[in-house]
Amino acid sequence: FGPRGPGGENLESGATVFFQVPADYDGSTPVKLSFTTASGKLIRSFTLHLKKKGKPEPLSSNPAVARKQREERSMAIEPGMNHFQWDLSYPEAVDVKGIFNSFFSAAVPVGPEVVPGTYDVTLTYGQTTQKQPFVVKLDPQLPTTQAELQQRFDLLMQIHDALNQLDTNLNQAIDARDALEKAVAGKTASGDQAQPALDRLNRDIDDLVDLKIQSGEGALVYPGRLRSWLTAIAAQVSQAFVPPTPAMVQVADGYIDDAGAGASRLESDVAAANKVLNR
């Protein structure tokens with residue numbers, strides 16, 4: 001276990017899996033690594049692919065894009081012996097279309113790490129599978145208890161689920177807004193009906209996320225929105241392997257409630273927009 005960096009990358013923790021594929025592996029046979037709890041619940045799976053020849057493209061300056069590029073590289077394998085390092089985290093939440101992720105505005109919605117315990121990794125090669133258990137342990141020098149780590153994990157999962165729902169609804173609202181704007185511009189929808197629905201979408205989207213920010217310094221110019229505060233409290237809770245303070249829990253609970261209310265508003269806005277578009 002270890003802390004995370006500003007781009008959401010886990011700096012010290014991980015589970016390294018060593019495995020071998022046939023010497024004549026050409027990428028045509030599907031290869032997958034799956035990580036599950038001891039009871040068989042899937043945490044995360046990775047579909048591996050044949051490593052491309054040549055120099056990889058440079059990492060993006062956008063932390064979210066760079067993280068995906070690093071993950072893509074980690075899933076590239078070669079014939080023979082390979083290794084894969086899992087950062088012990090659950091999948092990322094859905095991200096918002098067009099958002100610029102940065103540590104100071106809206107960080108990557110990274111999934112929380114698992115708590116210490118026994119887990120399984122399964123390698124699937126075509127129709128063949130091999131499963132191996134492994135144990136995740138906490139540094140014995142840390143005084144944090146298993147129960148305290150569970151508190152931390154539970155709160156991070158609540159934030160993660162709230163982010164996932166909010167971002168999903170934001171993406172639907174952004175799509176509905178785009179469709180309404182095209183309908184109004186093409187005069188395929190009545191302005192008297194479409195404009196109020198479009199105004200509500202603009203208001204509620206902008207109240208939750210600021211898509212004008214397109215650089216790491218954008219947060220210095222524009223005030224924060226709920227979407228950025230959610231990732232900020234997640235970063236605070238996940239910064240160290242200690243239980244969340246009462247203040248952290250109170251702030252997170254408030255943001256989670258606000259996210260639920262915001263997601264509901266967006267759902268109503270999208271329903272109203274679709275009603276206009278389907279007339």
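## Strands β2 and β3

In this predicted model, strands β2 (residues 31–37) and β3 (residues 42–50) run antiparallel and are joined by six bridges. Valine 31 has leucine 48 of β3 opposite to it.

## The open sheet

Both strands belong to an open sheet of five strands, in the order β4-β3-β2-β6-β7. The pairing in this sheet is mixed. Its edges are formed by β4 (76–77) and β7 (128–136), each of which pairs on one side only. In general, the strands of a sheet pair through backbone hydrogen bonds, in either a parallel or an antiparallel manner.

## Helix α2

Helix α2 covers residues 146–185, 40 residues in total. From its first C-alpha to its last, α2 reaches 58 Å, close to the 58 Å expected at 1.5 Å a residue. Lysine 187, which follows α2, has a positive phi, near 55°.

## Asparagine 171

Which element holds asparagine 171? The residue lies in helix α2. Asparagine 171 counts as buried because its relative accessibility is 10%, and the cut-off for buried is under 20%.

Beyond its neighbours within four places in sequence, asparagine 171 is in contact with Val94, Asp95, Val96 and Lys97. For one of these, valine 96, the C-alpha atom is 6.0 Å from that of asparagine 171. The two residues are 75 residues apart along the chain.

## The chain as a whole

The protein chain contains five helices and seven strands. Read from the N terminus, the elements follow the order β-β-β-α-β-β-β-β-α-α-α-α. The C-alpha trace spans about 65 × 50 × 35 Å along its principal axes.

Of the contacts in the chain with a separation of 6 or more, 71% are between residues 24 or more positions apart.

## Burial, surface and charge

The protein chain has 279 residues, and buried residues make up 43% of them. Asparagine 171 is one of the residues that count as buried. The chain exposes about 15,000 Å², of which carbon and sulfur atoms supply 53%.

The chain carries 27 positive and 33 negative charges.

Technical notes: Residues numbered from 1 in each chain as written. Predicted model: local features only at pLDDT ≥ 70, side-chain atom pairs only at ≥ 80, totals over all residues. Heavy atoms only, no water. Helix = DSSP H or I, 4+ residues; strand = E, 2+ residues; numbered from the N terminus. Buried < 20%, exposed > 50% of the residue type's maximum accessible area, 1.4 Å probe, protein only. Contact = heavy atoms within 4.5 Å. Areas by Shrake-Rupley, 256 points an atom, 1.4 Å probe, with all protein chains shown as cover. Lys, Arg positive; Asp, Glu negative; His and termini not counted. Charge placed at Lys NZ, Arg CZ, Asp CG, Glu CD. Expected span 1.5 Å × (residues − 1). Pairing = 2+ DSSP bridges.
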